[in-house]
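Q: I'm new to this one. Could you show me how to read its strands and helices?

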Amino acid sequence: MTAELIDGKAIAQALRRRIAERVHALQERGVVPTLAVVLVGEDPASQVYVRNKVAACAEVGIRSRKYEFPADVTVERLLACIDALNGDAEVDGILVQLPLPPHIDETLVLERIAVAKDVDGFHAENVGRLVQGRECFWPCTPHGVMQLLAWEGIEPQGMDAVVVGRSNIVGKPMALMLLNAGATVTVAHSRTRELAAHTRRADLLVVAVGKPEFITAEMVKPGAVVIDVGINRLPDGRLVGDVAAEVREVASRITPVPGGVGPMTIAMLLENTLLAAQRRRGTAP
């Protein structure tokens, strides 16, 4: 068996086209969805991520504003910026690019963002609503995974799903989304004892552990759907996921790295920003 590749890049492009159509409909009513992006420091990876997000916004007609601060910015100055954006009627979504410098408490900053503008879905209130299965902004990466599954016609209800990874950004919200969708969910991680015993029974395996090629073929149930969220750069410059290439010979469907989950993350940021604009004006579907 050779797994069918789930083309996240193509799916994300199709979703962007749909988002652009909805943004255009809002623009015809005089509303331009606006995303404020806050970048602290000069981390090269963060600068690339922000540049890609700004370009994606322009592609679909979302206005973006970028606020850049030096790495030694004070917490007070950063919070003042967020307060101003919270009160700005033209701003629909606020994104603070992570990670932040060590002297800044990320939780303090993320909790300062107004819940209605928290398009990353990291505010405790949005997380709590996700736990309860209520309306909220879903974190973009696990949201992208759910969209990939829907696009592929994969129904999580009744599936035995295993999520490897327990981060607040991917692992935990991913498990909640799958649980809310009716899957039976196990959350494992790099320190789980007998990890392979858990992963081998998964009909759906989502891996977001941040370790290159961590999941090998013998750890995967034949015919499983495998979603590889990880992206790691090896010393030779190659980009690989958290799942070894050999797993393609065992799984039925799998996301490639790159070109799988990554493009979906930005597409879901655009979706959340559009949704924020609609909700703030009482026009959300």
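Q: In which sense do strand E2 and E4 pair, and over how many bridges?
A: Two strands pair if DSSP finds at least two bridges between them. Here, strand E2 (residues 34–40) pairs with E4 in the parallel sense, over four bridges. Val-38 has Val-96 in E4 as its bridge partner. The strand names come from DSSP runs numbered from the N terminus: E for strands of at least two residues, H or I for helices of at least four. By the way, this is a predicted model, where local features need pLDDT of at least 70, side-chain atom pairs count only at pLDDT 80 or more, and totals for chains, interfaces and linings use all residues. Residues are numbered from 1 along each chain as its sequence is written, and side-chain values use heavy atoms, leaving out hydrogens and water.

Q: What is the strand order of the open sheet?
A: The order is E3-E2-E4, three strands with parallel pairing. Strand E3 (63–69) and strand E4 (93–96) are the edges, each pairing on one side only.

Q: Which helix packs on the sheet?
A: Contact means heavy atoms within 4.5 Å, and angles run from 0 to 180 degrees between N-to-C directions, with axes fitted to C-alpha atoms (for helices, over the stretch in contact). Helix H2 (residues 44–60) touches E2, E3 and E4, and its direction makes about 170 degrees with that of E2.

Q: At what angle do H6 and H7 pack?
A: Helix H6 (residues 140–151) and helix H7 (residues 171–180) pack at about 35 degrees, with axes 9 Å apart. The contact includes Met-146 of H6 and Met-177 of H7.
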